Amino acid sequence: MKKLFAIVLSAALLTVACTKVQVNHAQREVSFQTASYITKVGIDGTVFPTTETFGAYAWAAGTVGAYFMDNEEVSFNSTTTKWKPSTTYYWPKNTTVDFLCYYPYNMTGIAISENQIVYSGIDVEAGQTDIMYADKAVGYSDNVDEVDDGVNGYNGVPTVFHHALAKVKVIVELAYNHKTEADGTETDWTVNVNSLSLSGFYKAGGCTLNLASTPATGIVGWDRPTDADGNFVWTPSGTTTSMNGTFSGAVTPGNEYEAISEFFVLPQTLAAGQQKINVGLTVATKRNGADFLNETFTKSADLYLVSLPAWQMNQVITYKITVAPTASNGNGGSPIDPSNPVDPNNPDLTDAIITFDPAVNGWDNVGVVATINI
């Protein structure tokens, strides 16, 4: 018997806006005001965690050497409640400074210049580390005071980080497990997930970020690399990899089971037939309370959908695997409406009922005249 499982996808790019007000102060030390875009795993929340550090480069006219700050490690000082580099820097008297920050500090595979960030040879599978880059702060001559929003209240060079990678997670649910027909037939299904994996996706690659503009002062974003369809992705390299899920066992309607927890992935274009999700299932069927059929099999489906053509930078993607124990999705073959879910005890299985189409083949006329002599 054919089995069906449907995949419903949602992608979330969660962000938070930061409002900043600049005022002038007397000359003082250079400090940083940090923020990060909200995400579920890795750096979390609108305030950069005080237990982490990040790297900073800076440029100013008249500096002896290439940099005003050359890959300084910036950390939070709990005594002064400020983010400061490992050595003290003071604001110049009559010169503005440009800043560019990144995370994690001293990571390999990154090259930073005034107008470009290049990632190369990044193995996401090996590191499983959040990789972030900040908007460039251009033309600053003093720390920025931020209006206290009740969350941070720090002040300094505005440093807003963006996630360079993507993240993926997989959850599983069962559409239905019981049906009573008008003729009195009762069918019950028990479904076990034996295995679940993702395969055929790239784990390593690189990308180049170019400064979007060059204003005299302010926060400047980056032009992210795109594929032919405008999706923000990296250029993959090397071979593809796979990820095995951690969940196995029985699934019941009304519950979601986390098969693969959020993990970092290389942002990449998805293609039909390449990146796959593979689910091993056992379906046991009872008719009127008696064991009737047991099936163990594996199904695969593309991770590419029209609504999800790529894993893009700064996206969190959740794949929901909805398992149906028959060849019907429980909605009579029509697309599932999330606002009107399938009744797990009374699904519409009309598109999967076995019916017959009888016909009678015509007689074969033999064009021979038989003469019988007696």
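Asn278 counts as buried, because its relative accessibility is 16%, where buried means under 20% relative accessible area, exposed over 50% and partly exposed in between (1.4 Å probe, protein chains only). This is a predicted model, in which local features need pLDDT of at least 70 and side-chain atom pairs count only at pLDDT 80 or more, while totals for chains, interfaces and linings use all residues. Residues are numbered from 1 along each chain as its sequence is written, and side-chain values use heavy atoms, with hydrogens and water left out.

Asn278 lies in strand E22; strands (E, at least two residues) are DSSP runs, numbered from the N terminus. Its side chain makes a polar contact with the side chain of Ser199, at 3.1 Å. A polar contact is a pair of N or O atoms within 3.5 Å; within protein, one must be able to donate a hydrogen and the other to accept it, and residues adjacent in sequence count only if both atoms are side-chain atoms.

Leu198 is in contact (heavy atoms within 4.5 Å) with Asn278 and, among others, Val170 and Ile277, leaving aside neighbours within four places in sequence.

I turn to the cores. A nonpolar core is a set of buried Ala, Val, Leu, Ile, Met, Phe, Trp, Tyr and Cys residues joined through side-chain atoms within 4.5 Å. The largest has 37 residues, and Leu198 and Trp311 are among those with the most contacts inside it. Strands E15 (186-211) and E22 (276-287) are among those that each supply at least two residues of this core. Its largest share, six residues, comes from E15.

Methods: Helices (H or I, at least four residues) and strands (E, at least two) are DSSP runs, numbered from the N terminus.
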